[in-house]
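This briefing walks through one protein model by topic. Keep the sequence and the structure at hand while reading.

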Amino acid sequence: MNIAVQPPVAHEPSIALKPAELDALRANLWFSALPIELQRGILRRCAIWHVPAHQTLGTQSSVPDVWFGVAAGAVALSTQSSRGRQTIVDLLEPGQWFGDVPLLSGLPAPYEARTWAPSTLLLMRRSTLRELLGDRPELGPALLHLNWCRSARLIERITDQREPLLEQQARQLLARLTSRFGLPGRDATRITLSMTQSQIALLLGSSRQRTNQALKRLERQGVFRRSQQSIIVPHRPTRSTTP
């Protein structure tokens, strides 16, 4: 059983965000659409938390006391069925926010939140978020829009998983990872997250063996290649002649 690590108690940030972290937050379409004063109000009221990889931030069925924003790194949201099967519902890149719905409703979180990589997180306590909602009424509709954005992401994932061919699902996953975590180069984009085949299998909702077979086929086709612990996606895949 995973135990959630405890976030800082302070409401005010003790360390300023790095320029790249602030840029990632402002590049998010939901956050950038907020009035400037509301953006500043949110950032001013958030504490900053530097969290190592593989740390549980909140457990499934627990009632959270924190609204989170991802400024750097990545956070995986996963569920576990009554039979013990784990599924990664989403992998949140910098700029994403989560936890506001169970926080404000008082209902249990439907997922476990866990850092995938060393991450910089923003956090706002329930009392502070409610205070901000009172001061800035436009935040309420904005949070509804944020929930709609998350629902759209989930529908996209479900639609991809309906694809009968695992190989095509893997292509779509690589495209999402490249878009969200890619570092573009001249000839290829490097996915900056370290990923094992078991983790990719969880993202695809498939077995490790079937995932391994699909990935090998894509590597032979030149869709991607591995470089140490990185995944490299060429801008123009070259199909290999190797059978």
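Helix α8 is followed by G205, whose phi is positive, near 70°. Helices (H or I, at least four residues) and strands (E, at least two) are DSSP runs, numbered from the N terminus. The model is predicted, so to speak of local features takes pLDDT of at least 70, side-chain atom pairs count only at pLDDT 80 or more, and totals for chains, interfaces and linings use all residues. Residues are numbered from 1 along each chain as its sequence is written, and side-chain values use heavy atoms, with hydrogens and water left out.

**Overall make-up**

- The protein has 9 helices and 12 strands.
- Buried residues make up 45% of its 243 residues. Buried means under 20% relative accessible area, exposed over 50%, and partly exposed in between (1.4 Å probe, protein chains only).
- The accessible surface comes to about 13,200 Å², and 54% of that belongs to carbon and sulfur atoms. Accessible areas come from the Shrake-Rupley method with a 1.4 Å probe; for residues, only the protein chains shown count as cover.
- Of the contacts between residues at least 6 apart in sequence, 72% join residues at least 24 apart. Contact means heavy atoms within 4.5 Å.

- Of the 8 residues of α8, 6 are buried, so the helix is largely enclosed by the rest of the structure.
- Those buried residues are Q197, Q199, I200, A201, L203 and L204.
- G222 sits in the loop between α9 and β11 (225-227). Its relative accessibility is 14%, so G222 counts as buried.
- G222 and V233 are 11 residues apart along the chain, and their C-alpha atoms are separated by 8.5 Å.

**Nonpolar cores**

- The largest nonpolar core has 25 residues, of which L91, W116, L193 and M195 touch the most other members. A nonpolar core is a set of buried Ala, Val, Leu, Ile, Met, Phe, Trp, Tyr and Cys residues joined through side-chain atoms within 4.5 Å.
- At least two residues of this core come from each of β5, α7 (166-181), α8 (197-204), α9 (208-220) and β12 (230-234).
- Helix α7 gives the largest share, 6 residues.
- Another core, of 21 residues, lies apart from the largest one; F31, L34, L43 and L122 are among its members.
- Leaving aside neighbours within four places in sequence, L193 is in contact with A74, L91, W116, A117, F181 and Q229.

**Strand pairing**

- An open sheet of 4 strands runs in the order β2-β7-β4-β5, with antiparallel pairing. Two strands pair if DSSP finds at least two bridges between them.
- Its edge strands are β2 (56-58) and β5 (86-92), each pairing on one side only.
- Neighbouring strands of this sheet are turned by 30° against each other on average, direction ignored. The axes are lines fitted to C-alpha atoms, for helices over the stretch in contact, and angles run from 0 to 180 degrees between N-to-C directions.
- Strand β2 runs antiparallel to β7 (residues 112-115), joined by 2 bridges. There, G58 has A113 in β7 as its bridge partner.
- Strand β3 is mostly covered, with 7 of its 7 residues buried.
- Strand β3 pairs with β8 (residues 119-125) in the antiparallel sense over 6 bridges. V66 has R125 in β8 as its bridge partner.
- Strand β3 is also joined to β6 (residues 97-98) by 2 bridges, again antiparallel. F68 stands opposite F98 in β6.

**Aromatic pairs**

- Rings of Phe, Tyr and Trp (its six-membered ring) pair if their centres lie within 6.5 Å; planes under 30 degrees apart count as stacked, over 60 as edge-to-face and the rest as tilted. By this rule the count comes to 7 aromatic pairs.
- W30 and W67 form an edge-to-face pair, at 6.5 Å centre to centre and 80° between the planes. This pair links distant parts of the chain: W30 is in helix α2 (residues 29-32) and W67 in strand β3 (residues 66-72), 37 residues apart. Both W30 and W67 are buried.
- W49 and F68 form a stacked pair, at 6.5 Å centre to centre and 25° between the planes. W49 lies in strand β1 (residues 47-51) and F68 in β3, so the pair ties together parts that are 19 residues apart in sequence.
- W49 has 10% relative accessibility and so counts as buried. F68, at 6%, also counts as buried.
- One aromatic cluster is formed by W30, F31, W67 and W97.
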